[in-house]
Amino acid sequence: MQPRPLALKILDFASVIVLGVATYLALVFAPTEAVMGQVQRVFYFHIGTAWVGLLGFILAAAAGIAYLVTKDMRWDRFEVAAVEVSTVFFFITIVLGSIWARPAWNTWWTWDPRLTTAAITELIYIAYFMLRQGIDDPEKRARFGAVYTLLGGVSAPITFMVIRLFRSIHPIVIGAANGTQEKMNMTSDMRVAFFFGLFAFTIIFIDMMWHRIRLGALEEKVEQLKLTVSM
Amino acid sequence: MFLETIPETSNYMIAGYAFAFVIMGIYVFSMYLRNANLKRDIETLESLQSEKSKRSSSSKKK
């Protein structure tokens with residue numbers, strides 16, 4: 001196993017710093033929202049984690065296509081890393097949304113189009129790991145995984161677009177509301193916390209992806225060694 | 001009608017941030033553990049592999 005490269009060490013350090021700054025901006029710098037109170041601060045991490053969650057699912061679909069075209073196992077490693085890291089972040093998104101919904105909507109959960117599609121997306125990617133665990137042959141596993149992420153990748157844009165296409169109580173943050181939906185208005189300080197949150201989670205996502213890809217390389221090596229020892 | 005006071009929702013905010021940090025911490029720790037376990041597996045498997053190659057070379061000499 002190659003030692004951790006300098007760029008990764010720098011990225012680890014940067015991730016810790018940007019996470020700290022994002023937390024400070026969200027909890028201290030951004031003003032308290034007048035209608036919802038302190039719970040609105042959850043929104044900065046909710047959006048940040050949702051962004052990298054959906055981004056990872058799209059990247060996994062792209063890696064799936066790349067694997068099917070090239071048959072290069074490095075794309076499979078990339079795909080697994082993207083799905084795993086995104087599933088973790090998207091789980092945080094869903095739970096933070098539920099925590100915000102309790103005082104805002106007076107319920108932990110409602111079968112609103114956005115919440116429903118988000119839950120389905122998360123379940124699709126949990127099932128992805130169950131599928132992979134059931135296949136022993138690495139090439140077959142990579143091929144099935146690639147096709148699965150390609151199909152599953154459709155759920156990410158649907159989750160993003162659903163509140164713009166259907167009647168939903170979920171607020172719209174990016175883009176204009178269509179008149180029946182709530183649009184989130186932010187002050188300039190709130191925008192700073194919001195955009196820095198997006199930036200911070202992008203850095204953290206890249207860092208975690210890199211670590212997970214390296215872990216995938218180790219898993220592959222163990223699998224190959226097991227085969228040679230058992231023969 | 002305007003709200004006279006900002007609603008007290010600090011507990012939900014604390015719960016949200018605590019949850020986010022705990023989950024991220026658990027994930028990072030799980031990656032650390034998996035990494036350590038895989039490295040140990042590689043060491044064991046490599047030693048088994050070298051033993052196996054030694055045995056096969058000695059049996060060929062006989």
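Select A:W100 to begin. Leaving aside residues up to four places away in sequence, A:W100 touches A:V39, A:V42, A:F43 and A:H46. Keep in mind that this is a predicted model.

**The core**

Now widen the selection. A:W100 is among the residues with the most contacts inside the largest nonpolar core, alongside A:V42, A:Y44, A:A82 and A:A193. That core has 56 residues. Which helix supplies the largest share of this core? Colour helix 3 of chain A: 16 residues of the core come from there. Next, show the other contributors. Helix 1, helix 2, helix 4 (113–133), helix 5 (138–152) and helix 7 of chain A each supply at least two residues. So does helix 1 (10–61) of chain B.

**Chain A as a whole**

Zoom out to chain A. Count seven helices and zero strands. From the N terminus on, the order reads α-α-α-α-α-α-α. Along the principal axes, the C-alpha atoms fill a box of roughly 70 × 40 × 25 Å. Of the 231 residues in chain A, 39% are buried. Take the contacts in chain A with a separation of 6 or more: 76% of them join residues 24 or more positions apart.

**Helix 1 against helix 7**

The crossing is left-handed. Show side chains at the contact. On helix 1 of chain A, pick out A:L8, A:L11, A:V18, A:L25 and A:F29, among others. On helix 7 of chain A, the contact residues include A:V192, A:F196, A:I203, A:I206 and A:W210. Colour this contact by class: 19 nonpolar, two polar and three charged residues.

**Helix 2 against helix 7**

Left-handed or right-handed, what is the crossing of helix 2 and helix 7 of chain A? It is right-handed. From helix 2 of chain A, residues such as A:Y44, A:F45, A:W51 and A:V52 take part, among them also A:G48 and A:G56. Facing them on helix 7 of chain A are residues including A:A193, A:F194, A:G197, A:F201 and A:F205. By class, this contact divides into 11 nonpolar, five polar and no charged residues.

**Where chain B touches**

Bring chain B back into view. The contact takes 30 residues from chain A and 27 residues from chain B. On the chain A side, helix 2 (42–70), helix 3 (73–105) and helix 7 (188–230) each supply at least two residues. Helix 7 of chain A gives the largest share, 11 residues. The chain A side divides into 19 nonpolar, five polar and six charged residues.

**Last stop: A:A217**

Stay on helix 7 of chain A and select A:A217, which lies in that helix. Is A:A217 buried, exposed or partly exposed? A:A217 has 14 other C-beta atoms within 10 Å, so it is partly exposed. Finish with a distance label to A:R74. The two C-alpha atoms are separated by 8.4 Å, though the residues are 143 apart along the chain.

Note on methods:
Residues are numbered from 1 along each chain as its sequence is written. Chains are lettered from A and ligands numbered from 1 in the order in which they are written. This is a predicted model: local features need pLDDT of at least 70, side-chain atom pairs count only at pLDDT 80 or more; totals for chains, interfaces and linings use all residues. Helices (H or I, at least four residues) and strands (E, at least two) are DSSP runs, numbered from the N terminus. A residue is buried if 20 or more other C-beta atoms lie within 10 Å of its own, exposed if 12 or fewer, and partly exposed in between; C-beta atoms are placed from the backbone. Two residues are in contact if their C-beta atoms, placed from the backbone, lie within 7 Å. Ala, Val, Leu, Ile, Met, Phe, Trp, Tyr, Cys and Pro count as nonpolar, Asp, Glu, Lys and Arg as charged, and the others, Gly among them, as polar. A crossing is left-handed if the near helix is turned anticlockwise from the far one by less than a right angle, and right-handed if clockwise. A nonpolar core is a set of buried Ala, Val, Leu, Ile, Met, Phe, Trp, Tyr and Cys residues joined through C-beta atoms within 7 Å.
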